[in-house]
Amino acid sequence: MEQRASESARTVGLFTVTPQFHRIALIGIGLIGSSIAHDIKRLGLAHEAIIATRSAQTLKRAEDLKLGDRYTASAAEAVKDADLVIVSVPVGASANVAMQIAGNLKPGAIITDVGSVKASVIAQMQPHMPAHVHFIPGHPLAGTEKSGPDAGFPGLFQGRWCIFTPIERTDPAALKRLRIFWETLGAKVIEMDPEHHDKVLAIVSHLPHIIAYNIVGTADDLEMVTESEVIKYSASGFRDFTRLAASDPTMWRDVCLHNRKAILEMLARFTEDLARLQRAIRWGESEKIFELFTRTRAIRRSIIQAGQEVDAADFGRQYSAEQNKV
């Protein structure tokens, strides 16, 4: 099939590109899946892209947006003769998808995922993967709070990290081929142990989202402050928490349940640190408060220097005059 994928080249913009795969199957077409679909088409990375999702409404919308070449509600049907299969579903659905597609995977196919939890996804999917395919778990660290096929856009992965957590005896050629695919999308690829990945993501992604959900929930429960006041007078701090708290509830419910151990560990550490800050505020320990705020400010500068954020007011947001009205 590699020969078929290289039989013809396509012109994309000013460049002539040779498709990397003959057929790519995208299982799930939310923010990540649809962004991958945009880039496959934009960069000419496959002769054919097959879109699969259980929701008839979502499938119809993906077709309206022309995200692929063929569309089906059957994941098993989508993966027939596919060289690359990308599973983009909530992590709790990984085992079910693996069972559906296992019997139709062709020899030599690469199967990967985009889940934010890796140890659980491996435990769910690996037992169902035939010996004749290459299962390479992955996680692109990119996204927004929006979901669904309309949320995707080309270039989402440009300059972002994509973490591979290869299992034992992963084929080096298949790993290289998948790396080239993600690098063509603009991502920076790194390999990591799955358990370590889950601990890292628990602190840099999962815990912030949980805190955001909780803070916004607290504001919603307050009786002495009305909902209209919370909305009308939201300063940048609360407003930015609402962006995280607007993320897909199904996806984040599954993250909590499938990265439970690492998240609980980070929540315990956070609770201890919060208690120390609470005591410092209660007893007016200005030096402790100032030291913490100074130390954490340096982290922000480091993130900007690493190219993971912009150093601009309101994170570079653009507002119209109407949006700025109070």
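Close-up 1. Aspartate 64 counts as partly exposed because its relative accessibility is 37%, where partly exposed lies between buried (under 20% relative accessible area) and exposed (over 50%), as found with a 1.4 Å probe on protein chains only. Its side chain meets that of lysine 60 in a salt bridge, at 2.7 Å from N to O; the term stands for a side-chain nitrogen of Lys or Arg within 4 Å of a carboxyl oxygen of Asp or Glu. Lysine 60 is partly exposed as well, with a relative accessible area of 46%. Both residues belong to helix H3 (residues 56-64), where they sit four residues apart, about one turn of the helix; helices are DSSP runs (H or I) of at least four residues, numbered from the N terminus.

This is a predicted model, in which local features need pLDDT of at least 70 and side-chain atom pairs count only at pLDDT 80 or more, whereas totals for chains, interfaces and linings use all residues. Residues are numbered from 1 along each chain as its sequence is written, and side-chain values use heavy atoms, with hydrogens and water left out.

**Close-up 2. Glutamate 77 with lysine 80.** A salt bridge links glutamate 77 to lysine 80, with 3.2 Å between the closest N and O atoms. Glutamate 77 is partly exposed at 35% relative accessibility, and lysine 80 is partly exposed with a relative accessible area of 38%.

**Close-up 3. Glutamate 168 with arginine 169.** The side chains of glutamate 168 and arginine 169 form a salt bridge at 3.6 Å, N to O, and both residues are exposed.

Conventions:
Helix = DSSP H or I, 4+ residues; strand = E, 2+ residues; numbered from the N terminus.
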